[in-house]
Amino acid sequence: MGSWFDVLPMAQVDHRLFVSGQAAAAHLTKENPAKITAVLGVHQTMDYDKNPAIVYMHVPFNDGEAIPAHALAQCLGWLKFMHDNGHTILIHCAAGIS
């Protein structure tokens, strides 16, 4: 970490859906004011400490390119399951801006 976009906060999309960059996801081990309970990482790596109270899923694809159909299906299925089961979800890529 250590990029200019690492200071960007999580953005709330819906009452239980947030988006961010990897730095905000990594910060969930220190504090979790949005009460995130599930994290979907779509960045190539998720090389940060995980909060044991959070469910994590990693479906990597390249930022700025079309999302492969199999990855999109996997993400949507997981997101629907987590949402239907009451989770507050964070989706993150590297920077959280695309």
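This is a predicted model, in which local features need pLDDT of at least 70 and side-chain atom pairs count only at pLDDT 80 or more, whereas totals for chains, interfaces and linings use all residues. Residues are numbered from 1 along each chain as its sequence is written, and side-chain values use heavy atoms, with hydrogens and water left out.

Five strands form an open sheet of mixed pairing, in the order β1-β2-β5-β3-β4. The edges are held by β1 (11–14) and β4 (55–58), each of which pairs on one side only, and from one strand to the next the twist averages 20°. Strands here are DSSP runs of E with at least two residues, and helices are runs of H or I with at least four, both numbered from the N terminus; two strands pair if DSSP finds at least two bridges between them.

| Strands | Sense | Bridges | Opposite residues |
|---|---|---|---|
| β2 (17–20) and β5 (89–92) | parallel | four | Ser20 and His92 |
| β3 (38–41) and β5 | parallel | four | Ala38 and Ile89 |
| β3 and β4 | parallel | four | Leu40 and Met57 |

Helix α2 (residues 69–84) lies across β3, β4 and β5, and runs at about 170° to β3. Contact here means heavy atoms within 4.5 Å, while axes are lines fitted to C-alpha atoms, for helices over the stretch in contact, and angles run from 0 to 180 degrees between N-to-C directions.
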